[in-house]
Amino acid sequence: MPTMGRVAAFYGAGRPMEIKEYPVPDPEPGAVILKMTVANVCGSDLHQWRGEFDIAQFGRPYPQILGHEMTGTVFLLGEDVSRDTAGQPLNEGDRVIFRYFYPCGSCRACLKRVTRACPYARSYLANSCDVPPHFYGAFGDYYYVRPGAAIFRVPEGVEDTTVAGINCGLSQMVGGLQLAQVGMGESVVIQGAGGLGVYATAVAKERGAGKVIIIDGIRERLELARAFGADETVDLREIPDSAQRIERVRELTGGWGADVVAEVVGHPRVVNEGLQMLGRTGRYLEIGNVTPNLTFELDPSLLVQRNITVYGMVYYEAEHLQQALDLLDRTRDKYPWHRVVSQTFPLERINDAFTAADRGEVTRAAIVP
Ligand SMILES: [Zn+2]
Ligand SMILES: [Zn+2]
């Protein structure tokens, strides 16, 4: 009898996910099979769950397994796998983090070493989870890491619930603030204090930012951002007017405006406001708006007159994963990383986890299968 494992099968927005079982396959050479320990519900999972974009439109047949922010332990090592990407020995039972996408290495983006932009990196989603090797999403008992993945052993003393945030949220912000070149003494505004926003706060401080200002409408989130190093908070309920918030940021930055604004709300209406918070030579980092066909109005002379640069970013490079792991390890007593995940659910309660995350009742909901 092969080992069986469960997954939460997703059949499209508005339908509850269903638990299905598949046999755990043997790993091909170079592959690694993990036993999942923690999988977080990320904002982009929620976009798909709510139906804000229909993944079938992107050639992904149902059922699919959602989830990509996760960690696990090595269950089976394929032939030829004896070390992680950093060259450390890898054995069954080791805790690991890994990149859940697989750049091809030979397209125009990969040849420019911007592997996050590889159009083939998630081609495994072209099959439903009924097709072997089945386990390609975070919400299941196992995960099949394909050959060639970036995979790193997790040091002792960093908790699984903390580690799970690395391979989406934290690496995204490590890579994003590097792309936006946040430098020493610069002022940084972060729009949104969810998981990405609090990660961004710590990363900006670690990069030497002078002042980090974070904007949100939920007091608990702003308090958490303070614990992650935010110098100033702007509460949307206290300053409901956009023009006044822009003015507030100007005051807090000595009349100049911010050097960098990072958007991690995921709604287009905040973009214009964020751009207006920038001072001359400001850089705008767009990460949150992953949903297509949503628009906003913009006066483009703002970009010209202030010499503004806009960076868009999805996914990250393998080095960012390693840097994020190092950051977490090095600052584990400095920031309350464990507070980002505020509630855990067993796999069979995945629909409750999504409902709680959707209502904003939790910073990050996590599945512990
Ligand atoms: Zn994510
Ligand atoms: Zn490529």
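Two residues are taken to be in contact when their C-beta atoms, placed from the backbone, lie within 7 Å, and helices (H or I, at least four residues) and strands (E, at least two) are DSSP runs numbered from the N terminus. The model is a predicted one, in which local features need pLDDT of at least 70 and side-chain atom pairs count only at pLDDT 80 or more, while totals for chains, interfaces and linings use all residues. Residues are numbered from 1 along each chain as its sequence is written, and chains are lettered from A and ligands numbered from 1 in the order in which they are written.

**Stop one: helix α5**

Select residues 195–206, which form helix α5. The expected span of a helix is 1.5 Å times one less than its number of residues, so the 12 residues of α5 should span 16 Å, and the 17 Å between its end C-alpha atoms agrees with this.

Because 11 of the 12 residues of α5 are buried, the helix is largely enclosed by the rest of the structure; among the buried residues are Gly195, Tyr199, Thr201 and Lys205. To see what covers them, show α4 (166–179), β8 (187–191), β9 (211–216), α6 (219–227), β11 (258–263) and β15 (364–367), which are included in that cover. After α5 comes glycine 208, whose phi is positive, near 95°.

**Stop two: the two domains**

Now colour the chain by domain, with bounds that come from an automatic or database domain assignment: domain 1 is 4–165 + 340–367, and domain 2 is 172–312. Taken over C-alpha atoms, the centres of domain 1 and domain 2 are separated by 29 Å. Where they meet, 10 residues of domain 1 are in contact with 11 residues of domain 2. Helix α1 (residues 43–50) gives the most to the domain 1 side of this meeting, with 3 residues.

**Stop three: the loop between α1 and β4**

Move to the loop between α1 and β4 (69–77), where proline 63 lies. A cis peptide bond joins tyrosine 62 to this proline 63, with omega about -5°.

Leucine 66 lies in the loop between α1 and β4 as well, and it counts as buried because it has 23 C-beta neighbours inside 10 Å. Which residues is leucine 66 in contact with, leaving aside its neighbours within four places in sequence? They are Phe10, Asp45, Gln48, Trp49, Gly137 and Phe139. For tryptophan 49, which is 17 residues away along the chain, the C-alpha atom is separated from that of leucine 66 by 8.6 Å.

**Stop four: backbone features elsewhere**

Select proline 133, in the loop between α2 (108–111) and β6 (142–145), where the peptide bond from proline 132 to proline 133 is cis, with omega near 5°.

Then go to glutamine 181, in the loop between α4 and β8, which has a positive phi of about 55° although it is not a glycine. Glutamine 181 is partly exposed, with 14 other C-beta atoms within 10 Å.

Finish at threonine 281 in strand β12 (residues 278–286), a residue other than glycine whose phi is positive, near 65°. Is threonine 281 buried or exposed? Threonine 281 is exposed, since 12 other C-beta atoms lie within 10 Å.

Key:
Buried ≥ 20, exposed ≤ 12 C-beta atoms within 10 Å, placed from the backbone.
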